[in-house]
Amino acid sequence: MMRNPAGRLNWTMLTCVFLLCSMGLLALWTFSTPDWSDPGVMRTPVVRQAIFMLVSIVVLGITLLPNPFHAKRFAWFVFAVCIVALVALLFFGRVTRGAKGWFMIGPIGLQPAEFTKIATVLVLARVLMYARNLHKWWGLLLPLGIVALPARLIFLQPDFGSAILFGPAALAMLFAAGARVKHLLLLALLAGALGAGAFQFGMKPYQQKRLFSFVTPEKVSKWDRYQQDQSIKSCGSGGITGRGLGESTLSTSFHIPDRHNDFVFSILAEELGFVGSLFLLLLFGILFYQSLRMAFLTRHPFARLVIVGLTSIFAMQFFINIGMTIGVAPITGLSLPFISYGGSSLLTSMISLGLILNLGGRWSPNFSSDVGDGSVHMNSFTPHRNLREVL
Amino acid sequence: MDRNRVLIVAGVILLPFLGLVARLAHLQVFSADRYLEELHSRSRSLEIAVPHRGRILDRNGIVLAEDRRAFDLHLVLEEFEEDPEGIRQLALLLGFDFPRIEAGLERIYVRIERQMNRRPKNERMRILRRERKAPYLFRRDVGFDTAYLVETHPGRFPGVLIREGLRRTYPRGESGAHIVGYIGKIIGAEGEYERRLEDGYFTEGFEEKIGEDGTRSLVRKGVFMEEVTGREGTERTWNEKLRGKYGLLIFERKRRGERKMVEVMPAVPGSDIDLTLDIELQAYIEELVAPLRETACVVVLNPHDGEILALVSNRSYDPNHFVPPAKAENVTPYLRDRKNKPLLSRAWRDQFQLGSIFKVVSAAAALENRMITPESEIECTGKFKPNLRHFNCHIWNSYKGLHGPLTISGAMEVSCNIFFYQIGEEMGVQGLNYWALQFGLGAKTGIDLRGEVPGQLPRHQRWPSDAYALAIGQQDLMVSPVQVGVLISVVANGGKRVVPHVLRGGGSAPAETLLSPATVETLRDSLYEVVHGARGTARRPLLVEYDVAGKTSSAQNQRGKPAHAWFAGFAPCNDPLYAVVVFVKHGGSGGSVAVPLAEKIVEKLFANGETARP
């Protein structure tokens, strides 16, 4: 029954992701060049990340295999599991860098927030797909409730960065699903007001400071701006062609705490310069463009919504991360997809990618000759096939 | 569901790329130079080169102070603390007890902490890690044996480094210590280190090379905290000339902690200081007065230009004891000795009653005011006035005798009190003060050594007896031995007030006084009589032989204590080469205590007169 999915895979996107992952590894390699004679070499970021990457690629492969419609079927279940995990996290979570964001299962740390993003997009897509009253304002209540619950739970950890990702993703999906622009604008205003309220009453001082350091730099002490200042200088010192591989991690370089996590772009920008940065931007641009092109082409609303949702999450992460690295966005602690060091982030990025590729690959029209060989999946639907049956 | 809405989403997502590209272009293309420059300034590492401090030489070129090469012990904390035996070994090596080692380590950590506190919190651990790998001076001048032991046992003392350094030494020890002075750590004196930092004392010429940031980073590292400065004497007065200028070594940091030297700004060694002191004479006199239990001071100077040949104050100290690292057991005895106060040179930093030598001033006052002429006589009647119990001539006090009619030279010769009481009655305190100032009393002489006292003249006259007492140098009159040296020089050189100084070629030109040559001539003649006259109070064979003129003095001070013994003179009388002042506190009679000392000094002066001849 099953057709070779490779034929419909978007190889452009896969190539982009492969190149991005390589750049990520390269950055980590120069950040801490592994010393193979050292028994602790397995703990160096680059080796760990390579292992994560292998695992993630296997997971990506697995994600590509089944019918993506199962995702729709299990969406609520996965969502429920994630919510339970998030609630449990508030009680049992491990505190890392001031936030309870991690479950430790043996040596592996799990970040439920990362998985919740996917689950929420899936559930939202399913709800929106069947929603009939989206053009009414009350029709937005259920979708918004679905988004608000995990966002609030993640905000409590507190992981401000991940929490705000839900907003734009939900807006994009609502928009794609056909909600009225007037409602969405009101919603954005409301979100702005809520955000201001949250800032005033719900945020920890350090979060406020981080935001402030971007909005009104002169009001924040130099130390709070330090990380970002260093990062900006580091990027700037790359020049047009960069300072060369490995140069950014010398003792002479600008010191950026936690550089291989959230500020990984500064390594690449410093070492590869403007050219390298443009290349990285280009890869992401192609990635988003291809992804949204699939959303445009696909005939299935679920696929379209999921792709729009996941892509906007990627895009938000990308913009905020690069933005904070080069000083045009506040520091939020969001990682750069496929590049930043971190297993959970990479794994969920790959799962998201798998979903996008899988959904996009199966539900887009294709008039090429290789279709109609009889290997049709039970849920697969192409106009071409129908046409033949009609004929 | 409108498919085209995806296109709008795509537009919203892809448009901000332009913003990112613009920002990146701004950073990496248009402002790259600025950031690169900042980066390069960070990649520099700096070291200072300590200048050789200038030597201090006596008038014959004998070295009184110089920088000797020494071995300094540095610690690299990371390696040192890795070894659990480290502290014990270091304690054994240096012969210290544990608390002392701990205190030393504490000081290094304080220096590191100072650097850390200036940096953002998240960078502090990095600074700590970096500085723990850097050598820090732990102890200066550990001695050859210790250095040899460490150097020949590599690996035995982990983290202990021996580096060559400089150590100030004073080869002549106590001799002339008050004049040569000593050095001390710049840190410690309240605020001095900070003040000097602000003045750019250490970092002269650095700004052009490494900019303000580089200079500040050096200061932050505390590289100047171990530096020394003149604390006393010439070391202090001429510190600016002696110290030289710091040099710079500029390194570029390379991968993995390697460094490459890229620029050198050599240190400028300090200039030598030539003193007017004759250290052999100084040592001879010091030996001479050493047996005296009470404070004794000797001033030998050239009466024409004020060059000081010897400036002795009994109870001196060894300046080597004060050179960092100073040992408490060496220094505390000096501080504890309340009676002698060896750190204090009495010759210019203390003042005493003068007594009869002031009669020179009184005589000058009387002569200048035409109260007397060289030929006029005043009769000594033993007792000055019947109603004044205490104003008698010393001959009356001793023998109920009297001197009879005396001219000025006769009165000086026998040091008759009545003669000068008469002058005091005539001149009053103010009149005498006026001439005392001409002789340099009551004001600082301007000697180029620290802490000179101005002495004291009686401020006003309450009773006529104040003037009588002042005329023979009693009352509230206080002078320092150096001032007496100036006083006697005025007579010796024909009426010029010299500025005593120890720096060769230093001191300002002698000041003219209001004394007429005739007055000075008369004074000189009368002082000649003191030594050569039949009844002269300073009549000693050697003084006569060397043609000395001078005046003795036995100054009453405290009730029940012996008088201060003074002698002030110059020789040869007609063409003076030397002026000599001898002072022995509570010595008794000037004639019997001070004069014999002066005799020996004069003998020494003329025995090798040619070498000492200015």
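## Where the two chains meet

Let's start with polar contacts: eight residue pairs make one between chain A and chain B, with both residues at pLDDT 80 or more. (A polar contact is a pair of N or O atoms within 3.5 Å; within protein, one must be able to donate a hydrogen and the other to accept it, and residues adjacent in sequence count only if both atoms are side-chain atoms.) This is a predicted model, where local features need pLDDT of at least 70, side-chain atom pairs count only at pLDDT 80 or more, and totals for chains, interfaces and linings use all residues. Residues are numbered from 1 along each chain as its sequence is written, chains are lettered from A and ligands numbered from 1 in the order in which they are written, and side-chain values use heavy atoms, leaving out hydrogens and water.

As for contact in general (heavy atoms within 4.5 Å), 59 residues of chain A and 40 residues of chain B take part.

## Chain A's side

On the side of chain A that touches chain B, α10(A) gives the largest share, with 15 residues. Helices here are DSSP runs of H or I with at least four residues, and strands are runs of E with at least two, numbered from the N terminus.

## Inside chain A

Chain A has 13 helices and three strands. Of its 391 residues, 56% are buried, meaning under 20% relative accessible area with a 1.4 Å probe, protein chains only.

## A helix in chain B

Helix α1 of chain B covers residues 4-14, and its buried residues are B:R5, B:V6, B:V9, B:A10 and B:I13. Looking down the axis of α1(B), they fall within an arc of 150° (taken from the directions from the helix axis to the C-beta atoms), so they line one face of the helix.

Terms used. Buried means under 20% relative accessible area, exposed over 50%, partly exposed in between (1.4 Å probe, protein chains only).
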